[in-house]
Every structure is written in C-alpha cells, then in structure tokens.
Amino acid sequence: MSDPVSATPPVFAPWDDPSETPLIHFQNVTKRFGDFTAIDDLTIDIYEKEFFALLGPSGCGKTTLMRMLAGFETPSEGVINLAGKNIVSVPPNKRPVNMMFQSYALFPHLTVAQNIAFGLERSKMPKDKVGARVDEMLKLVQLEKFGGRKPHQISGGQRQRVALARSLAKAPKLLLLDEPLGALDKKLRTETQFELMEIQESTGTTFVIVTHDQEEAMTVASRIAVMDHGRMVQVDTPDRIYETPNSAYVADFIGDVNLIEGNAASHHKDGKIEIHWREGEPPVVGTPMVPIEDGTRCTFAIRPEKVHISKEHPEGKANILHGKILDIAYLGNISTYHVELPNGHVVKAQRSNSLRIERRKFTWEDEVWLWWTDTAGVVLTA
Amino acid sequence: MRPGRTLLILVPYLWLLALFLVPFGIVFKISLSDTALAIPPYLPTLDLSAGWSGFMEFLSELDFENYVFLTEDDLYLKAYLSSLSIALFSTVLTLLVGFPIAYGMANAPEHWRPALMMLVILPFWTSFLIRVYAWMGILANEGFLNQFLLWTGIIAEPLQIMNTNKAVYIGIVYTYLPFMVLPIYATLEKLDGSLLEAAEDLGCGRTEAFWRVTFPLSRPGMVAGSFLVFIPALGEFVIPSLLGGSSTLMIGKVLWEEFFSNRDWPVASAVAVVLLLILIIPIVLFQRNQQKQQEAEQ
Amino acid sequence: MRKFTWFNAVSLTLGFAFLYIPMLILIIFSFNSSKLVTVWAGFSTKWYVELLQNEAFLDAAWVTIKVAVASSTAATVLGTMAAYVLVRGGRFAGRTLFSGMIYAPLVMPEVITGLSLLLLFIAIGLDRGVFTIVLAHTTFSMCYVSVVVSSRLVSFDRSVEEAALDLGCTPFEAFRLVTLPIIFPAVISGWLLAFTLSLDDLVIASFTAGPSSTTLPIKIFSSVRLGVSPEINALSTIMIAIVAIGVIAASLVSKQAIARRNREKKEAIQA
C-alpha cells in the first residue's frame with residue numbers, strides 16, 4: 001500500500017509514453033458475420049498491467065472484440081499482436097490468455113478445487129505444484145473452506161470468485177472478463193469491483209473487461225474504450241471520458257448530461273466562442289478545445305452538477321438562463337431539478353443535499369435562475 | 001478443416017448414407033423392375049461388367065409398369081384409402097381419450113405430477129407387441145370384455161369386435177395414447193394459471209374460461225400429438241395383423257404380404273414408394289407446426 | 001389457481017384403468033392353471049416352468065439380448081457423434097441432407113425401413129443373420145439416440161466448452177473431460193432407449209433376420225398369430241416386470257438425486 005502523505009506515486013500512464021510497447025495491438029481489424037459488420041477497421045493498443053474496459057451498448061462489438069482476443073473468433077481482416085506476435089491463427093488452447101465467462105462456465109461435474117486445477121493440469125504442471133497453486137488461488141479469493149464443494153453447492157458470489165480464480169490460476173499474460181459482475185446484485189457488485197481491482201494490482205495481470213455498466217467501467221478501469229457499431233468512439237481515462245468527451249455520443253452514454261445544439265459565432269480573443277442556439281435565449285459561452293470556425297454546427301454539453309441553481313439573479317456569470325421548475329428528482333444524496341426555459345427546452349441542474357433536513361429551497365413551479373462558468377462545459381463538433 | 005472434425009462428421013454420415021439412403025435408392029430401382037422367377041426375383045439386374053452400354057440397356061428396361069398395376073387393381077387403392085381412414089379415425093379417438101387425461105394431469109397437485117407422468121410413460125417402455133397382444137384375450141368372442149358385458153346383462157349375444165376394424169381402433173388408441181397425452185400435457189402444464197384468473201375476473205364462468213382460454217392455448221399440443229399418432233398409424237403392421245380381420249385393409253399389411261407371401265418384390269417396392277409419398281404431406285405439416293411453436297416460444 | 005375437479009379425477013381414473021387393466025389381466029392369467037386363457041381355474045406357476053424349458057424361446061431370448069446390446073452400444077456411439085455434429089459441427093457440405101437422414105427414420109414406417117434394408121443386404125450379397133439385424137437396429141436407433149443427446153447438447157451452456165479450450169484443452173480433450181461427463185445422463189438414456197427399441201422390434205427384425213437368427217418378438221408374433229397362449233402370458237409378465245422395475249428404480253434414483261441437489265442449492269444460498 002502506498003502512503004498517500006509522503007509522496008505522490010508515479011502516475012501509471014504507459015499510453016502517454018512513446019517508448020512503451022503495447023501488450024496487445026489491434027491493427028485494422030475487421031470482423032464480419034455474413035452481411036453484419038461486428039468490428040469495423042479497428043486499431044487499438046492495450047498496455048501491460050492495464051485494467052482496460054470495453055464499454056458500449058449491446059451489439060456494439062465489445063464481446064466480439066474480446067472473443068477475438070480469446071481465440072473463439074478469427075478476424076476477417078487485420079492483425080492482432082500479443083507481446084509482439086501475431087496470434088490470429090493461434091487456437092484458444094495455445095494462447096497465454098484466459099477468460100472469465102459471463103455465465104462463469106464452471107464445470108458442473110467437478111469440485112471448486114478441480115475447477116481451479118483444470119487449466120494447470122492441462123499445462124502438464126507436476127501434481128504437487130498444482131495442489132499448492134490451487135490452495136494459493138483459493139486463498140486469493142477467500143474460498144479456502146469451499147475447495148471440496150461442487151459449483152451448485154455454493155452461492156452466486158462464490159461462483160463468481162471461483163471463475164476468477166480458475167482463470168487466474170495459469171497466471172495468464174492477459175485476463176479477459178466478460179461482464180464478470182453482471183449476475184450479482186448491486187451491493188455485492190460494488191464490493192466485488194474493489195476486490196477485482198485489488199486482485200488485478202496484486203497479481204500484476206493485464207485485465208480487459210467487457211461491460212455495459214458505465215459506473216463499473218468508471219470504477220475499475222485505468223482506461224475506457226467506448227464502442228458503438230463496431231468502432232472505437234473514444235479511448236481515454238475515466239476522468240477524461242467524463243469531463244472531456246469527444247462526441248455527443250460519449251457525453252450522453254456516460255452519466256447525465258445537458259446537450260445544447262447551435263451554431264458557433266463571434267470568437268472572443270481568449271478563444272471562447274458563443275453558441276447561438278435558440279431565438280430569444282442568450283447565446284451559450286463555452287471554451288472549445290480546438291479552434292472552431294464561425295457558423296460550425298456544434299453541441300454544447302454540460303453535466304447537471306455543474307449547473308448552479310438560485311432564486312436570485314446571479315451577477316457577472318458567463319451563462320445565465322431563466323426558467324421554471326418542472327420536476328424534482330429526489331435521490332437522497334442529491335436532487336436533480338428539471339428547469340423549463342420559456343422556449344420549452346429543459347435543462348437539468350443538480351444540488352447535493354448536504355444538510356439533513358434541509359428546508360426545501362425550491363419547489364415545483366418556482367421561477368429560478370441557472371448559471372455556469374465559461375469552462376464548465378465542453379463544445380463538441382461530433 | 002481439422003482431421004478430427006472430418007472423421008467425426010464422416011463416420012455417422014457415411015453410415016446413414018449406406019444404410020438409409022442407398023437402400024431407398026434400391027427400393028425405388030426395384031419398383032421400376034419386372035417380376036421374374038429368379039434369384040433375386042426381379043429383372044433387370046445391373047451387370048457392371050458390360051460397361052456403359054450395359055448400364056444404358058439396364059436403364060431402358062426400367063419402367064413404371066408396377067405403378068400402373070397399383071392403379072389397375074383396386075385392392076391397392078382401397079388399402080391406401082382404408083389406411084388413411086383408419087389412421088384418421090383412430091387419431092380423433094386418441095385425441096378424445098387423451099385430452100381429458102392430459103388435462104387431469106395438468107390440474108393435479110404438483111407433487112402428484114411426476115408419478116402421473118411416469119404412469120403414462122411406463123407403457124411406452126414395455127413391449128409394443130405385448131401391449132397389442134394383451135387385447136387379444138380381452139376382445140375375443142369368449143374374451144374378458146364379452147364375459148363382463150354378458151354378466152352385467154347389457155348384451156345377450158357376444159359382440160364381434162376381434163378381427164374387425166373396431167379392434168384395430170382400440171389397439172391404435174391404446175398403444176399410441178402416450179404420444180397424444182405427453183405433448184398436450186406439456187402445453188397445458190406451461191399454461192399460466194393467472195390467465196384463467198384473468199378470464200374469470202373479466203366475467204367468464206369456469207366452463208367458458210376453459211373453452212375460451214385453456215382449449216385454444218392447448219392447440220399446439222393437440223396438433224403435435226395428432227401427428228405423432230397419425231403418422232405411425234398410417235404404416236402400422238402389427239395391430240391390423242393381430243387384431244384386425246381378413247377384411248381389415250391396411251397398407252403395411254398389404255406390403256408385408258406382397259413381399260413375404262406373394263414374393264412380388266417389385267410391387268412391394270412400388271407400394272412402399274407410394275406410401276412414402278403419401279406420408280410426406282403429414283410429415284411436412286408436422287415439421288411446420290413444430291417450427292411455428294418453437295418460434296413462438298422464443 | 002388451477003383446481004383439480006371431479007371431472008379431472010374421473011378422467012384420470014378411467015384413463016389409467018384403460019392403460020393398465022389389459023396388462024393386469026395378462027399378468028393375472030399368466031398364473032392360471034388352465035390352458036384356456038380366459039377361464040380362471042386356480043393359481044399355478046406351471047407356465048413359467050414350461051417357458052423356462054422351452055429351448056426355442058430361450059434361444060430367441062439370447063439372440064435378442066445379443067442384438068440389443070450390440071446395436072444399442074453401436075447406436076449410442078454413432079448417435080452421440082451425430083448429435084455433436086448436428087449441434088456443434090457448424091456448417092459443412094450436405095448438412096441439410098445429414099439432418100434429414102437423422103430425422104427421417106423416426107417417422108419412417110417400419111415396413112419400409114425393413115424392406116429397404118433387406119433389399120440392400122441382398123443386393124450386396126450379405127447373408128442374413130444376427131449381424132444384419134444389428135446393422136438394421138443400429139441404423140434406426142442411432143437416430144433416436146441422436147435426438148435425445150442433441151436436446152441435452154442444445155440446452156447446456158456452450159461457454160463451458162469454450163472455458164475448457166481457454167484453459168488449454170484440445171477440442172478432443174474438451175469433449176472427453178467436459179462435454180461427455182455433462183451429457184452422460186442423456187447418453188445413458190439414449191442407450192436405454194436404443195436397447196428397448198431393439199428388444200421390441202418385430203417388423204425390421206423380420207425383414208433382416210435369417211433362418212437361424214429368430215428374435216424373441218419374431219417368435220412371439222408367430223405363436224400369438226394362432227391365438228392367446230398362457231406361455232406367452234408368462235413371458236409377457238416377465239418382460240413387463242423387468243421394465244417396470246427398471247423404470248421405477250431409475251425414476252427413484254433420479255428423484256433422489258434431484259432432491260439432494262435442491263437441498264444443497266438451498267444450503268448454498270443460506271451459507
């Protein structure tokens with residue numbers, strides 16, 4: 001464990017280091033099933049010791065991508081390198097890659113210990129070493145007492161851990177996890193996410209996880225790849241995916257967002273632009289990351305928690321809107337206010353409920369002011 | 001392709017080709033040949049040593065004479081028609097007997113159902129021949145049924161059932177009953193009980209709810225069961241030959257006699273080919289029904 | 001809720017009476033001392049004694065058992081292979097023909113199957129006997145085995161096999177170590193089905209048997225054609241008893257296994 005006080009540990013960011021060679025390299029990979037293109041000319045690098053998340057709606061190609069890594073699907077075109085070697089024609093049983101299946105795929109006729117030993121026995125490891133390794137893995141996932149049980153004799157959470165131990169037992173270079181927590185209930189899922197991260201760190205294995213749960217991806221991953229229709233939309237760290245999405249698709253897919261579409265106009269000297277979006281509303285002022293030409297169609301995206309709400313007219317703010325509260329979603333820790341502007345557009349604003357029994361400042365039908373700074377949102381052209 | 005996979009496919013494939021498809025080719029070929037007093041009792045036989053011309057000569061001697069013969073002698077037409085009517089009538093009877101049993105099983109308390117299931121399946125595992133034979137002692141003129149009916153005074157003269165079509169109907173219903181009960185039970189068992197509650201909630205009486213909900217929803221099971229009885233009943237041999245009389249005409253029996261008693265192999269083969277052509281219709285319909293059901297379940 | 005009405009009770013009673021009374025009569029009258037099978041003349045086991053001294057029946061029984069064991073074993077191997085090809089084989093040339101040949105024998109009238117196999121054996125000059133019956137029975141019962149096994153293969157999670165490959169198995173090892181143990185109950189029931197089908201078959205055996213290879217059904221058929229006989233009643237009783245004991249024992253064993261499994265599952269959830 002690192003001591004947070006003494007020094008900041010070196011940042012783990014091999015993707016920013018040009019001297020690093022990636023563990024996995026997809027080069028222009030395409031996969032077609034008949035007429036359907038599951039993966040469309042995809043190029044991506046994954047580095048050693050990464051916890052890499054593939055995120056996207058069902059049918060986006062994330063599972064196909066993972067099954068190509070495991071060897072269950074062969075790309076129609078392109079090259080997949082693992083540690084510098086093209087593995088496209090290597091069968092699954094000859095790859096230094098293991099997979100944890102969504103259904104866990106535990107062998108129902110074998111005990112927990114036999115399940116974990118299964119891969120080791122295939123690799124011709126001596127008997128006594130197999131036993132020691134199985135014990136080690138059982139300890140890692142805290143199932144020492146359950147080695148003699150059959151899969152149907154343990155709970156769902158325990159089965160999930162057996163599946164993890166089995167896939168880690170051969171110490172693969174790369175572990176693939178297909179919706180590993182999908183079958184667990186929410187509370188257990190959150191706990192297990194942290195366990196997964198700890199195990200990933202302590203074993204030093206590279207993890208590639210497929211999930212459709214954005215919260216899960218944000219929690220566990222070092223980098224997230226957001227996929228749509230067989231393409232990578234954005235590959236970045238969780239904070240950058242959230243704060244600086246590169247497209248309206250990513251902004252909308254991850255978390256809650258207000259999207260305002262309009263035309264860019266009148267450049268300020270400091271690089272800020274105004275977006276004219278609706279007659280009768282003041283233009284939105286934002287800071288684009290790259291210069292944008294006048295008249296470009298663009299989308300302004302701002303997270304609800306960055307939109308402030310007040311009863312009085314705020315002074316000197318870059319963006320101020322006026323509207324009426326349409327709806328309030330009380331979530332306990334926070335409340336989300338849906339504010340309708342005079343032109344009918346609805347903007348969401350969030351406030352944390354930091355006092356226990358706060359006197360409700362706002363209620364339905366209240367006239368309120370919304371405001372945010374000129375750097376609170378992002379200007380997107382895609 | 002991996003050699004292991006090729007071997008895995010080839011072994012059962014070749015087996016079925018050699019012992020299922022090729023024999024049919026032979027049946028078809030012989031149905032086009034002429035009867036002869038020879039061993040084997042048909043002409044021509046293919047002489048491969050004569051090469052291509054021998055093959056052409058062989059082909060030129062094949063004709064549809066035997067099929068023409070089937071239409072000329074009305075014994076065959078009668079046999080096909082009577083097979084169809086016996087199979088159809090027994091199927092309807094089996095449905096009438098089988099539905100109440102399946103319905104009773106589906107309504108029975110849950111812990112009874114496995115035992116009831118076993119009671120329906122058990123006869124299926126016992127010898128078909130023995131089950132048919134069991135009725136011979138019951139249906140005979142001095143048999144148990146007549147003894148019982150005479151004793152109760154319902155009849156004064158013994159009924160002639162044995163060696164008539166009635167005995168064949170009873171035999172078919174008895175032996176094929178499990179094929180009818182099981183598919184109907186399967187659909188009734190899956191039926192959501194709350195559908196009936198909904199029907200009653202919306203103002204149906206119990207009987208009306210049965211006719212408007214349970215009965216239409218069990219249709220796929222009834223259709224499947226009917227085909228499972230009708231198809232084998234059509235080609236049945238054992239039941240008509242043990243329980244039926246000399247007037248009972250069924251095509252399976254005709255084929256058997258044509259082959260074993262008359263030793264007319266070409267005609268027997270033609271009878272078989274025509275029976276197969278007749279069977280294709282219900283088999284295709286049955287497959288469609290099964291497919292539709294599978295799609296509906298998905 | 002479903003309600004068990006008096007109508008249901010009556011139809012079940014009548015239905016099961018219809019199914020079982022004929023067999024009960026058969027069993028009761030196998031202990032009849034009279035030669036007249038429909039008149040009760042006192043209890044006796046003499047027909048069983050006579051049956052056991054009847055060489056022809058014993059020979060036929062022996063032939064039948066040999067044929068059934070050989071054909072059901074061959075049918076189980078071939079049928080399991082065929083099921084695996086159908087469910088997991090992917091695409092290959094002639095797949096439609098293959099699945100057609102698997103399902104067609106199930107609906108084929110026995111007279112046609114028997115006739116066609118006989119004509120084949122004659123055409124290739126194969127002498128008819130035990131061997132030809134085994135070939136014939138293997139062919140039609142492998143299709144039943146393949147239906148039973150493939151329904152099990154379809155219902156089990158494919159990723160279990162993929163996990164075996166992922167952990168280093170060759171495809172054959174994956175089949176031997178994972179697939180086969182999981183589908184084994186279905187393979188066993190396939191074997192039992194093939195065994196009973198072979199034991200039962202009259203028509204196909206009649207076509208494909210030679211003069212020295214009379215099976216029990218052929219023997220029974222030729223003697224019951226002449227009428228009911230107490231010896232056949234005794235034989236039937238023995239056969240019914242064997243089947244009933246077998247089926248009831250099998251269902252009790254599987255019932256216990258299911259109960260144990262459910263109990264263990266419950267404990268797993270509580271733990």
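Predicted model: local features only at pLDDT ≥ 70, side-chain atom pairs only at ≥ 80, totals over all residues.

Author: Two residues are taken to be in contact if their C-beta atoms, placed from the backbone, lie within 7 Å. By that criterion, of the two pairs of chains in contact, chains B and C share the most contacts.

Chain B contains 14 helices and two strands. Its radius of gyration is 25 Å, well over the 19 Å that the globule rule gives for 298 residues, so chain B is more spread out than a compact globule. Along the principal axes, the C-alpha atoms of chain B fill a box of roughly 80 × 70 × 35 Å. Of the 298 residues in chain B, 42% are buried. When contacts in chain B between residues at least 6 apart in sequence are considered, 72% of them join residues at least 24 apart.

The interface with chain C involves 64 residues of chain B and 61 residues of chain C. On the side of chain B, at least two residues each are supplied by α1 (3-31), α4 (74-107), α5 (113-125), α6 (128-139), α7 (144-152), α12 (238-242), α13 (251-260) and α14 (265-297). The largest share, 17 residues, comes from α1(B). In terms of residue class, the side of chain B that touches chain C has 52 nonpolar, eleven polar and one charged residues.

The nonpolar packing may be considered next. The largest nonpolar core has 147 residues, and those with the most contacts inside it are A102(B), W135(B), L139(B), L243(B), L255(B), V271(B) and L115(C). Helix α8 (residues 165-190) of chain B gives the most to this core, with 16 residues. Domain 1 (15-63) and domain 2 (66-297) of chain B both give residues to the core, which therefore lies between them. In soluble globular proteins, nonpolar side chains tend to be buried together.

Leaving aside residues up to four places away in sequence, L255(B) touches A268(B), V271(B) and A272(B) in chain B, together with V111(C) and L115(C) in chain C. Apart from this core lies another, of 102 residues, among them A113(A), A217(A), A225(A) and A301(A).

The remaining relations among the chains complete the account. No contact joins chain A and chain B, whose closest C-alpha atoms lie 12 Å apart. Chain A does meet chain C, in a contact that takes 20 residues from chain C and 20 residues from chain A. On the side of chain C, α7 (158-166), α8 (171-200) and α11 (230-270) each supply at least two residues, and the largest share, six residues, comes from α7(C). The residues on this side of chain C divide into eleven nonpolar, three polar and six charged.

Chain A is itself assigned domain 1 (14-248) and domain 2 (256-380). The C-alpha centres of these domains of chain A lie 39 Å apart. Four residues of domain 1 of chain A are in contact with six residues of domain 2 of chain A. On the side of domain 1 that touches domain 2 in chain A, the residues divide into two nonpolar, two polar and no charged.

Technical notes. Residues numbered from 1 in each chain as written. Chains lettered and ligands numbered in written order. Helix = DSSP H or I, 4+ residues; strand = E, 2+ residues; numbered from the N terminus. Rg over C-alpha atoms; globule rule 2.2 N^0.38 Å. Buried ≥ 20, exposed ≤ 12 C-beta atoms within 10 Å, placed from the backbone. Nonpolar A, V, L, I, M, F, W, Y, C, P; charged D, E, K, R; others polar. Core = buried A, V, L, I, M, F, W, Y, C linked by C-beta atoms within 7 Å. Domains from an automatic or database assignment.
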